[in-house]
Amino acid sequence: MDKPMTELTPDTLFSRDQLLQSWLDVEAALARAQARLGMIPDWAADGISRAADLAHIGREAIDADAARTMAPILSLTRLLAKAAGKAGDYVHWGATTQNVMQTGRILLLRRADAAIRNNLARVAQRMGRLAELHADTLMAGRTNRRHALPITFGFKVAGWIEELDRTAERLAGAAGRCFALPFGGAVGAMHAYGGRGRELNRALAADLGLRELLVAGRTVNDLFVEYILQLCLLAMTVERAAGELYRLMGEEVGEIEERLEEGTVGSSTMPHKVNPKYVVRILAQCAEVRSFAVPALESGLSKHEGDAVANHLLAAVTDRVVPLAWRLAEGFADLLDRVRPVPQRMAENLALTDGGIATERLMMQLAPRVGRARAHDIVHHALDAGLAAGLSPREALAADGEMAGLMRAEEVAAAVDPSGYAGDSAEIARAAAHLAEALAAHLRSG
């Protein structure tokens, strides 16, 4: 007889043992709630609760019976009733299969959500540390994959932190709606409880720590779907940050390194290669998580007051995407521990345009003298002419006659020095570091 696992991991989250035990937990909670309301005797609830242990009933026995009935909850309750003795007469009192299955999955999903939140707290903490340490580390800001304006690496990370904060807020909202009790009897109107169905629903929800639903039917798939879609958005957020780190790791950029253990080999045929190992796994997982958005939406299209087709699809999607998102959050936190910025390479790349990256400042210094539009044209035309003549931006500006008539050479040189033109990057990075610290604490608090 297999004993159900109590330590949840992504691999065991929706394992057969965990699912069966979650369904037994729901049956026990139902009996306790009904006993409190006088629907069944107290002694029956005690007997059912004692017997609702997979280690006592046996997974093999349930599976063998379910192979014949093709109704796993019927088989489970039949064997639970047998194990509970006389108390077994009150097992599954007025409930239906989907009530128990969906509620059990919600209980497991809630535990996974806590693990995901804890890992996102680690992500926020590590991002905050990077933002703080590199608040002043200059690098090239890029738009459309071209140099735009100077920023700091801490500022880049700040954008990831604020997006993570929004993502965590959306995920928490979806979780608050998802962790509700879908227990309404055969079609959701609590027929079997003689007008006391909502009272029972309230008591059972309190026992399980779930939110009440007015229509606690079998077509509440949207609650699960919304949560899954938020996990897809989480994967998008992670992929945006991890994808940028991956691009910054290429030799042509070289601004980020992935710390690897000694002896790591990149290629079996190219001795010089040491490929990134962790970021590529994260990016693959992100793509896989996001791929579940469409089938999740399909599973929300349940028909009438119950639809086994939609429910089978929803269970399949949930069982895949939630453990994968858990692994993703855990792996991303580990990746951020291995991220090593290379400030020297950032400085070298920043200098590639020889001052061109800071010409907005030159334009803005010219603007009070000739107007902003004219200032833009003067700088742009000087750079164009210099490019045609094979000059660097700094050389082109120094050689331009119109520029010389408006600003001294030393003023021009100072204006296009990128080291003094990172805007509010450092201030924003440090504010984001504080945001990350608060976010980490909030995520851990549950």
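How many disulfides does the structure hold? The answer is zero. Keep in mind as you read on that this is a predicted model.

**The cysteines**

Let's look at C178 and C232. A disulfide is a covalent bond between the sulfur atoms of two cysteines. C178 takes part in no such bond, and the nearest cysteine sulfur, in C232, lies 13 Å away. For C232, the closest cysteine sulfur belongs to C286 at 11 Å, which is too far for a bond, because a disulfide needs the two sulfur atoms within 2.5 Å. The table sets out both cysteines, and each of them counts as buried.

| C178 | C232, 13 Å | 1% |

**Helix α2**

Helix α2 spans residues 42–51, and its buried residues are A44, A45, G47, I48 and A51. Viewed down the axis of α2, these buried residues fall within an arc of 165 degrees, so they line one face of the helix. On the other side of α2 you will find D42 and R50, which are exposed. The cover over the buried residues of α2 includes α1 (16–36), α3 (54–57) and α5 (72–83).

**A buried arginine**

Our last stop is R117, which sits in helix α6 (residues 97–133). R117 is buried but has no salt bridge. The nearest side chain of opposite charge is that of D113, 4.6 Å away. Leaving aside residues up to four places away in sequence, R117 touches A172, H442, L443 and G446.

Note on methods:
Residues are numbered from 1 along each chain as its sequence is written. This is a predicted model: local features need pLDDT of at least 70, side-chain atom pairs count only at pLDDT 80 or more; totals for chains, interfaces and linings use all residues. Side-chain values use heavy atoms; hydrogens and water are left out. Buried means under 20% relative accessible area, exposed over 50%, partly exposed in between (1.4 Å probe, protein chains only). Helices (H or I, at least four residues) and strands (E, at least two) are DSSP runs, numbered from the N terminus. The arc is that of the directions from the helix axis to the C-beta atoms. Contact means heavy atoms within 4.5 Å. Lys and Arg count as positive and Asp and Glu as negative; His and the chain ends are not counted. A salt bridge is a side-chain nitrogen of Lys or Arg within 4 Å of a carboxyl oxygen of Asp or Glu.
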